[in-house]
Amino acid sequence: MTAQESKIQKVALVTGAARGIGLATARLFIEEGWLVAVLDRDADELQKAAADLGQAVSPFVCDVSDPAAVDRIIADVLSRFGRIDALVNNAGVADFGPIEQTDFARWRQVMETNLDGVFLMSQAVIPALKETRGALVNIASISGLRASTLRVAYGTSKAAVIHLTKQQAAELGEYGIRANCVCPGPVRTKLAMAVHTQDIIDAYHDAIPLNRYGTEREIAEVIVFLCSERASFVTGQVIASDGGFESTGVGLPALRS
Ligand SMILES: NC(=O)c1ccc[n+]([C@@H]2O[C@H](COP(=O)([O-])OP(=O)(O)OC[C@H]3O[C@@H](n4cnc5c(N)ncnc54)[C@H](O)[C@@H]3O)[C@@H](O)[C@H]2O)c1
């Protein structure tokens, strides 16, 4: 049942919603009849996105890695909408580099947003989700499912998000709160294009059974499904929306040629 069908105007909070996968997710929620709090630390992009999305959204400027700011913004979202039915922890940063060139500052910069941000936002929203028996969806990555080169910080942060999701599902189920994790494969967003060289792009095409990058909308479809009543008995799951990348081993490019 969509929010429209159930006649309750449900509210989703989507982080990193100024562009990319977060923006596509906000758009799909609106299509399904939800109200959406769009949150990002990039105030200019967020204002543009919110203006484009129309009346069902309100923008909230916040850095998800700042504990005090997170608490303040959740209070603002609740005073604007009165409820939160779903939190999508999508805000993320990518920094690809060799282990030996990844110093503590680079490591912390990735962890602050990708892991601390998911923890902080979730902790702050739990009381509201208890009221609505709502849903958490955390965005990890195929880089959290399998190790690869250059991803010591990014891949480790995403693997931690996968485990954090299972922890949340284990402890919050008794309140009716579901927690699931989506692991996108490569999508041509600003984040990905900043770190995907042509070699990486070619390697992904080779390693993915569907032989292409995904779209923001294809990832959003999985996220919104997991937040909806259609997924009411689904929790603690890790779902790769990745063109089949996770399911394959060696030999695919050789078999194709
Ligand atoms: N694009 C891909 O190929 C891909 C693959 C796997 C996983 N992911 C994950 O999907 C999520 C979305 O990525 P995207 O590709 O749409 O990226 P993007 O860079 O297009 O969008 C990310 C948004 O998050 C915001 N953001 C970053 N740090 C923030 C912070 N600390 N507080 C608030 N907002 C912050 C940015 O301003 C930006 O608007 C990320 O978690 C990313 O790791 C992306």
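This is a predicted model: local features need pLDDT of at least 70, side-chain atom pairs count only at pLDDT 80 or more; totals for chains, interfaces and linings use all residues.
View 1. For T189, a polar side-chain atom lies 2.4 Å from an oxygen atom of the ligand. On its own the ligand has 830 Å² of accessible area, of which the protein covers 96%.

**View 2. The pocket and the shell around the ligand.** The ligand takes up the space of the largest pocket. Two or more residues of the shell come from each of the elements α2 (20-31), α6 (152-172) and α7 (190-195). Of the elements, α7 gives the most, with three residues. There are 29 residues around the ligand, and D40, N90, Y154, V187 and T189 come nearest. By residue class, the shell divides into 14 nonpolar, eight polar and seven charged residues.

**View 3. The backbone at L150.** L150 is in the loop that runs between β5 (135-139) and α6. Although L150 is not a glycine, its phi is positive, at about 70°. Most residues other than glycine have a negative phi. L150 counts as partly exposed because its relative accessibility is 34%, between the limits of 20% for buried and 50% for exposed.

**View 4. The backbone at N211.** The loop between α8 (198-207) and α9 (216-227) contains N211. N211, which is not a glycine either, has a positive phi of about 65°. With a relative accessible area of 36%, N211 is partly exposed.

How values were computed. Residues are numbered from 1 along each chain as its sequence is written. Side-chain values use heavy atoms; hydrogens and water are left out. A residue is near a molecule or strand if one of its heavy atoms lies within 4 Å of it. A polar contact is a pair of N or O atoms within 3.5 Å; within protein, one must be able to donate a hydrogen and the other to accept it, and residues adjacent in sequence count only if both atoms are side-chain atoms. Accessible areas come from the Shrake-Rupley method with a 1.4 Å probe; for residues, only the protein chains shown count as cover. On a 1 Å grid over the protein atoms alone, a cavity is a set of points where a 1.4 Å probe fits but cannot get out, and a pocket is an open set with protein on both sides within 12 Å along at least five of seven lines; lining residues have an atom within 4 Å of a point. A molecule sits in a cavity or pocket if more than half of its atoms lie within 2 Å of its grid points. Helices (H or I, at least four residues) and strands (E, at least two) are DSSP runs, numbered from the N terminus. Ala, Val, Leu, Ile, Met, Phe, Trp, Tyr, Cys and Pro count as nonpolar, Asp, Glu, Lys and Arg as charged, and the others, Gly among them, as polar. Buried means under 20% relative accessible area, exposed over 50%, partly exposed in between (1.4 Å probe, protein chains only).
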